[in-house]
Amino acid sequence: MSDSQLSRPRGGGPSWTRTAVIVFAKDMAIEARTRETTAGFFAALVAILASVAFYAGPETTTRVAPGAMWLAIAFASILALSRSWQREREEGALTGLLVAPVARSAIFFGKALGVFTFVTLVECIVVPVVALLFHVELLDVLGALTCVLLLGTVGVAATGTLFGAMTVRTGARELVLASVLFPLLTPALVSGVAATREIFALAQSMKPPPAAAQLAEVSDYVGLLAIFSLVGLVGGITFFGVLIDE
């Protein structure tokens with residue numbers, strides 16, 4: 001990738017940073033105007049159904065709660081990604097982006113930032129619901145859990161935005177996106193579930209350790225999440241232009 005792709009746009013358009021901010025602001029403005037809450041309700045429903053269907057006594061907190069939380073986040077992410085690219089298909093919006101004198105990598109970053117923000121808002125709904133239904137002392141795990149969720153969400157948003165560009169022109173894009181994306185997200189989801197399980201188990205002890213100690217116990221999983229997120233970001237910035245132009 002040449003320096004020009006990152007530092008200066010084509011044809012004297014807005015800067016890379018300004019382009020990313022414009023794309024992000026556009027997606028957030030549409031979300032605010034449409035007030036679409038389907039993903040949030042869906043994610044909360046998954047958590048509620050899991051708490052009822054898989055109740056197994058006190059062990060439910062560590063055995064079921066992490067999976068319920070991350071499954072809800074995963075499905076909400078697919079909905080967010082599908083809606084994000086669906087908007088670009090309407091009334092030639094995608095064509096407008098592609099012919100604009102802006103860096104492709106900036107478009108990717110703005111779209112990924114929008115997905116990250118939306119999924120984070122969904123997590124703000126899901127995490128308290130899971131904590132309430134599965135009897136998790138949220139304050140005891142909040143610091144470590146926030147770090148794990150942050151890394152996982154970055155990886156999901158970056159990878160999903162990159163491969164969402166591959167399906168934007170397909171007819172059954174929701175099905176294709178899910179089929180392509182879920183196998184790719186497996187490392188992040190498995191690491192996230194495992195890290196969350198260990199954090200919840202530590203929090204159930206008589207004297208829950210501080211957040212730093214909890215993260216130290218799950219450092220391997222946190223490292224995997226960090227690598228996954230970094231690969232997603234670098235891969236998106238590098239290859240998004242090629243995928244979206246084809």
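Read along the sequence, this protein follows the pattern α-α-α-α-α-α-α-α-α-α-α. The model is a predicted one. Of the 246 residues, 46% are buried. Among contacts with a separation of 6 or more, 85% are between residues 24 or more positions apart.

**First stop: helices H2 and H7**

Please select residues 16-34, which form helix H2, and residues 104-133, which form helix H7. Two packed helices are described by the angle between their axes and the distance between the axes. At what angle do H2 and H7 cross? Their axes cross at roughly 40° and come within 7 Å. The crossing of this pair is right-handed.

To see the contact itself, display the side chains on both helices. On the H2 side, the residues are Trp 16, Thr 19, Ala 20, Val 23, Phe 24, Lys 26, Asp 27, Met 28 and Glu 31. H7 contributes Ser 105, Ala 106, Ile 107, Phe 109, Gly 110, Lys 111, Leu 113, Gly 114, Thr 117 and Phe 118. Coloured by class, the contact of H2 with H7 comprises ten nonpolar, five polar and four charged residues.

**Second stop: Asp 27 and its partners**

Remain at this contact and select Lys 26, Asp 27 and Lys 111. Side chains of opposite charge can pair when their charged atoms come close. Which residues form salt bridges with Asp 27? One is Lys 26, where the closest N and O atoms are 2.9 Å apart. Another is Lys 111, whose side chain meets that of Asp 27 at 3.2 Å, N to O. Lys 111 lies in helix H7 and Asp 27 in helix H2, so this pair ties together parts that are 84 residues apart in sequence.

Is Asp 27 buried or exposed? Asp 27 counts as buried because its relative accessibility is 2%, and the cut-off for burial is under 20%. Lys 111 is likewise buried, at 1%. Lys 26, in contrast, is partly exposed, with a relative accessible area of 27%.

Next, select Arg 197 and Glu 198. These two residues form a salt bridge in which the closest N and O atoms are 3.0 Å apart. Glu 198 is partly exposed at 30% relative accessibility, and Arg 197 is also partly exposed, at 36%. Elsewhere, salt bridges that share partners join Lys 26, Asp 27 and Lys 111 into one network. How many salt bridges are counted in the model? The count comes to three.

H7 passes H11 in a right-handed crossing.

By class, the contact of H7 with H11 has six nonpolar, four polar and two charged residues.

Ile 125 is partly exposed, with a relative accessible area of 41%. Setting aside neighbours within four places in sequence, Ile 125 is in contact with Gly 40 and Ala 44. A distance display between C-alpha atoms may also be drawn from Ile 125 to Ala 43. The two residues are 82 apart in sequence, and their C-alpha atoms are 8.2 Å apart in space.

**Last stop: His 135**

Finally, select His 135, in the loop between H7 and helix H8 (138-167). Most residues other than glycine have a negative phi. What is the phi of His 135? It is positive, at about 60°, although His 135 is not a glycine. His 135 counts as exposed because its relative accessibility is 63%, and the cut-off for exposure is over 50%.

Note on methods:
Residues are numbered from 1 along each chain as its sequence is written. This is a predicted model: local features need pLDDT of at least 70, side-chain atom pairs count only at pLDDT 80 or more; totals for chains, interfaces and linings use all residues. Side-chain values use heavy atoms; hydrogens and water are left out. Axes are lines fitted to C-alpha atoms, for helices over the stretch in contact, and angles run from 0 to 180 degrees between N-to-C directions. Helices (H or I, at least four residues) and strands (E, at least two) are DSSP runs, numbered from the N terminus. A crossing is left-handed if the near helix is turned anticlockwise from the far one by less than a right angle, and right-handed if clockwise. Ala, Val, Leu, Ile, Met, Phe, Trp, Tyr, Cys and Pro count as nonpolar, Asp, Glu, Lys and Arg as charged, and the others, Gly among them, as polar. Contact means heavy atoms within 4.5 Å. A salt bridge is a side-chain nitrogen of Lys or Arg within 4 Å of a carboxyl oxygen of Asp or Glu. Buried means under 20% relative accessible area, exposed over 50%, partly exposed in between (1.4 Å probe, protein chains only).
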